[in-house]
Amino acid sequence: GFENMDSLGAVYSRASSHIFGDWNACGKVMGLAPWKEHSWDNANMVPPTIDDPILSGSLYEDDGLRIDRSTMVGQPLFNRIDPDMFDSDGNMFRTKRYDFDDDEYIPPPAREGEQVATKQIPTKVALDAISLASRVQSDLETVAMDFVRHFKEETGESNLCLAGGVALNSVLNGRLSRELDFEKTFIPPYPGDDGVAVGCCAYGLYGELSSSYGDDEQSKLWSRPLSPYQGPLYTEQDIEEAIEWAAPWLNVEVVEDETARNDAIVEELVSGGVVSIYDGRSEMGPRALGHRSILADPRKKGLVRFINEFVKKRESFRPFAPSCLAEEAGDWFDLGQYASEVGFNVSPYMSITAQVREGKRDLIPAVTHVDGSSRLQTVTPEAEPAYHRLISAFFKATGVPMVLNTSFNTLKSEPITETPRNAIRTFLSSMGSIEMLILGNRVIKRKGADVRVLLGEERIGGKMTPP
């Protein structure tokens with residue numbers, strides 16, 4: 001398969017298969033790698049070190065890339081069962097191999113009827129997985145940085161464009177953009193195979209046409225990147241039919257005034273609630289950028305485990321990203337020396353990881369990963385005015401110019417929600433974890449359903465009669 005080929009992306013996918021049983025879980029590998037420098041139990045528990053590189057050499061020389069797969073043979077880590085996954089009676093109580101928190105995590109106090117996430121430390125297999133993830137991530141960065149540096153010196157180019165699946169590695173992207181002295185770095189929102197479809201459409205529209213133009217005319221065809229919001233546009237009728245489909249379960253309030261709607265969202269976020277957003281066309285590519293998003297307050301660290309465990313139903317080691325006002329991003333993140341020249345809009349598609357400034361980390365712990373990093377989205381009023389106004393309302397209320405943003409999908413193995421009915425179904429399935437859905441200009445909450453009505457009984461003369 002692909003993961004057995006000799007390339008950076010293929011070897012990284014091989015590590016993904018070995019750790020998670022999925023060659024396409026590379027984002028999880030990237031999120032796991034920074035835990036290598038963390039310790040637990042007063043530094044008595046640390047991940048082991050893999051000394052020999054998995055990837056080394058150079059990409060710009062014939063047969064220059066060297067690959068050592070010896071750490072990824074034998075029984076895969078995702079299939080390993082260690083003694084520390086069982087209690088003293090022999091019962092398996094750790095079914096999630098990679099479910100753990102940092103050593104400083106303190107579970108939040110529970111409100112009446114609320115689910116509470118308890119603290120977890122890593123299993124032995126998790127420590128080994130962290131080591132493998134860290135080694136392959138470090139090697140990827142070393143080889144790719146050397147490759148790009150070589151061609152920057154060869155060409156003298158000052159701008160960088162990245163494409164291909166490896167360009168989804170936001171940690172690598174961040175280093176390339178900051179450390180190699182590029183003035184501008186561009187990564188499309190769909191750099192992987194999904195972007196091929198966009199390229200084919202673009203060539204069909206403009207390919208033959210653009211070749212007949214001179215440089216001046218040709219540049220007019222692509223005055224700016226395509227919007228990432230290229231999904232279908234659903235109608236008011238589609239939304240109304242979806243609401244009608246689930247009407248017995250929903251309280252729906254139409255709020256035409258955007259300011260009032262944003263105030264309702266901010267109030268829910270500040271209170272510790274989690275809000276799902278469904279707005280307009282969906283995003284192309286794997287990142288939710290405010291049209292199909294789940295939002296939360298980045299100031300509340302306990303939300304990391306809560307959202308991972310109860311909303312997304314996944315491992316708690318995985319970090320969350322902030323959507324930040326571009327004009328404020330430089331005060332909160334180290335974006336490199338040229339960031340001011342592009343209005344600090346360095347990561348409009350959540351493609352770059354940057355270090356949170358040390359003085360700000362305690363203010364936004366829910367979007368600060370264990371190594372102090374954050375894979376941010378920068379939001380401008382020109383590119384996404386409605387989302388910018390929402391984040392501005394949160395900024396006004398809290399002094400923090402960003403919200404926690406993760407993709408709007410909660411059902412196992414399902415992609416990001418697409419249709420209005422998908423959105424409502426996903427919202428209803430998250431009972432006790434997402435309490436508000438914004439569907440266009442509608443603020444939707446659950447209501448206590450009358451079970452007898454749902455079973456088809458009717459009220460006649462004040463009495464319930466069977467169907």
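Reply: A polar contact is a pair of N or O atoms within 3.5 Å, where, within protein, one atom must be able to donate a hydrogen and the other to accept it. With that in mind, and remembering that this is a predicted model, we can turn to Asn405, which has its place in strand S12, a strand made of residues 402-407. Is Asn405 buried or exposed? Its relative accessible area is 2%, and because buried means under 20%, Asn405 counts as buried.

The side chain of Asn405 has a polar atom that lies 3.0 Å from the backbone oxygen of Ala288, and a polar contact of 3.0 Å also joins the side chain of Asn405 to that of Ser323. Leaving aside residues up to four places away in sequence, Asn405 touches a set of residues that includes Ala288, Leu289, Gly290, Ser293, Ala321, Ser323, Met350, Gln377 and Tyr387.

Around this residue stands the whole protein, whose secondary structure comes to 13 helices and 16 strands. Its radius of gyration is 24 Å, close to the 23 Å that the globule rule gives for 467 residues, so the protein is as compact as a globular protein of that length. Of the 467 residues, 46% are buried, and among contacts between residues at least 6 apart in sequence, 68% join residues at least 24 apart. The accessible surface of the protein comes to about 23000 Å², with 50% of it belonging to carbon and sulfur atoms.

Notes: Residues are numbered from 1 along each chain as its sequence is written. This is a predicted model: local features need pLDDT of at least 70, side-chain atom pairs count only at pLDDT 80 or more; totals for chains, interfaces and linings use all residues. Side-chain values use heavy atoms; hydrogens and water are left out. Helices (H or I, at least four residues) and strands (E, at least two) are DSSP runs, numbered from the N terminus. The radius of gyration is taken over C-alpha atoms; the globule rule is 2.2 Å times the number of residues to the power 0.38. Buried means under 20% relative accessible area, exposed over 50%, partly exposed in between (1.4 Å probe, protein chains only). Contact means heavy atoms within 4.5 Å. Accessible areas come from the Shrake-Rupley method with a 1.4 Å probe; for residues, only the protein chains shown count as cover.
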